[in-house]
Amino acid sequence: MEASQAQDLAGTLTDWVINENATAVSRKINCKTFAKAVTRINQIAEIAETEQHHPDLHLTGYRHLEIVLTTHAIGGLSENDFIVAAKIDELLK
Ligand SMILES: C[C@H](O)[C@H](O)[C@H]1CNC2=NC(N)=NC(=O)C2=N1
C-alpha cells in the first residue's frame, strides 16, 4: 500500500509506531516475567497461524517483547499487517 495510506492506518493504532519509510509497524510490551513474555509469544503465534501472517518477535532483556509487522512478500505494509496488529491489540487490552 501507499506510504500515506499506511501512515493513516498506523495513526489509528495508538500503541504502534510506523517506521520512517512506512514499511513496518511495531509495538513494544514490557511483561512482568520471562514466562509471561513467552505466553504472549505463544498467544501471538496463534493469531499469526490463524491469519497466516506472521510478525517478527524480539524478546530481549528477558521480558521486553517487540512485535514487528511487515509483509515480507512485498517488502512493505499490507492490509494483513493492520489486521494482525488489531488482533494483537485485542489480545493485549
Ligand atoms: C503462503 C504464506 O501464507 C505466505 O508465504 C505468508 C506467510 N506469512 C507471512 N507473514 C508475513 N509477515 N509476510 C509474508 O509475506 C508472509 N507470507
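How many bridges join strand β1 to strand β2? The close-ups below take up this question and a few others, using a predicted model.

**View 1. Strands β1 and β2 form an antiparallel pair.** Here is the reply to our opening question: 2 bridges join β1, residues 17-18, to β2, residues 25-30. Look for Ile18, which stands opposite Val25 in β2. Between the two strands of this hairpin there are 6 residues. While you are at the hairpin, find Ala22, whose phi is positive, near 60°.

**View 2. Strand β2 also pairs with strand β4.** Stay with β2 and turn to β4, which covers residues 64-69. These two strands run in the antiparallel sense, with 6 bridges between them. A handy place to start is Arg27, as this residue stands opposite Ile67 in β4.

**View 3. His58 sits in strand β3.** The strand shown here spans residues 56-60. Is His58 buried or exposed? His58 counts as exposed because it has 12 C-beta neighbours inside 10 Å, and a residue with 12 or fewer falls in that class.

**View 4. Residues gather around the ligand.**

Note on methods:
Residues are numbered from 1 along each chain as its sequence is written. This is a predicted model: local features need pLDDT of at least 70, side-chain atom pairs count only at pLDDT 80 or more; totals for chains, interfaces and linings use all residues. A residue is near a molecule or strand if its C-beta atom, placed from the backbone, lies within 6 Å of it. Helices (H or I, at least four residues) and strands (E, at least two) are DSSP runs, numbered from the N terminus. A residue is buried if 20 or more other C-beta atoms lie within 10 Å of its own, exposed if 12 or fewer, and partly exposed in between; C-beta atoms are placed from the backbone. Two strands pair if DSSP finds at least two bridges between them.
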